[in-house]
Amino acid sequence: MHKIAPSILSADFGNLQRDVEMINASEADWFHIDVMDGVFVPNISFGFPVLKSIQKHATKPLDVHLMIVQPERYFQDFKDAGAEVISFHYEASTHVHRSIHAIKDMGIKAGVALNPHTPVSVLEDCIADIDLVLLMSVNPGFGGQKFIENTYKKIRDTKELIAKSGSKALIEIDGGVGAGNIQKLVETGADVLVAGNAVFADADPKNMIHRLKTFS
Ligand code: DX5
Ligand code: ZN
């Protein structure tokens, strides 16, 4: 069964506890936490104080997506703030293999995120060590953007790479996911679907999570 990871980026920060509890009570599987530094992406989101407040109330795993330069400087801090999955960007890391193992050595899952222009083939020599491949289906930086159709091809490429290597990596899709494309994404091979705008802009976010989970 595919996992749904609502993105806190689209939550109401003035009512963060309410939104976290809504996700706790919903059929969502993970909390998706977008950390942006204003350097790797043209936006700044939030850092440790906010993450710690989320952790205090969340009853589901925190899936942290780092859109920051030199991500390895902060792996330990994010683990300490409650991350169970940490994904860093291939484009932001000089030593991808070392970073993957630094995360796994802390006993949590390691993900590598790829921007829309980065081919999946760059992961060929480390796919066996990766727990999660995060395919960006928009250019990272903002919620509510239009889904990039080439993502379907990248899911197929990732599936092929995973099958060839015997890797157990999950495929996560991030950006522009909603009720209109989720079924096709899952049928193509996606395992984890991030949804920000689709969930939080809906009049009934909990019901939207149900719809994303059941394709209804
Ligand atoms: C974009 C973030 C996404 C974003 C998804 O840089 O990585 O996680 O919040 O938002 P939607 O679902 O609104 O495209
Ligand atoms: Zn994200």
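This is a predicted model: local features need pLDDT of at least 70, side-chain atom pairs count only at pLDDT 80 or more; totals for chains, interfaces and linings use all residues.
A pocket is an open set of points on a 1 Å grid over the protein atoms alone, where a 1.4 Å probe fits and protein lies on both sides within 12 Å along at least five of seven lines. Residues are numbered from 1 along each chain, and ligands are numbered from 1 in the order in which they are written. Local features need pLDDT of at least 70, side-chain atom pairs count only at pLDDT 80 or more, and totals for linings use all residues.

β2, β3, β8 and α7 (197-200) each supply at least two lining residues. Helices (at least four residues) and strands (at least two) are DSSP runs.

Ligand 1 takes the space of this pocket: more than half of its atoms lie within 2 Å of the grid points. Around the ligand stand 20 residues, with a heavy atom within 4 Å of it. D34, G141, G144, D174 and G196 come nearest. Strand β2 (31-36) gives the largest share of this shell, three residues. β3 (62-67) and β8 (192-195) each supply at least two.

Polar contacts (N or O pairs within 3.5 Å) reach oxygen atoms of ligand 1. A backbone N or O atom of G196 lies 2.8 Å away from one. For polar side-chain atoms, the distance is 3.3 Å at H65 and 3.4 Å at H32. Taken alone, ligand 1 exposes 380 Å² (Shrake-Rupley method, 1.4 Å probe). The protein buries 99% of that area.

Definitions and conventions. Side-chain values use heavy atoms; hydrogens and water are left out. A polar contact is a pair of N or O atoms within 3.5 Å; within protein, one must be able to donate a hydrogen and the other to accept it, and residues adjacent in sequence count only if both atoms are side-chain atoms. On a 1 Å grid over the protein atoms alone, a cavity is a set of points where a 1.4 Å probe fits but cannot get out, and a pocket is an open set with protein on both sides within 12 Å along at least five of seven lines; lining residues have an atom within 4 Å of a point.
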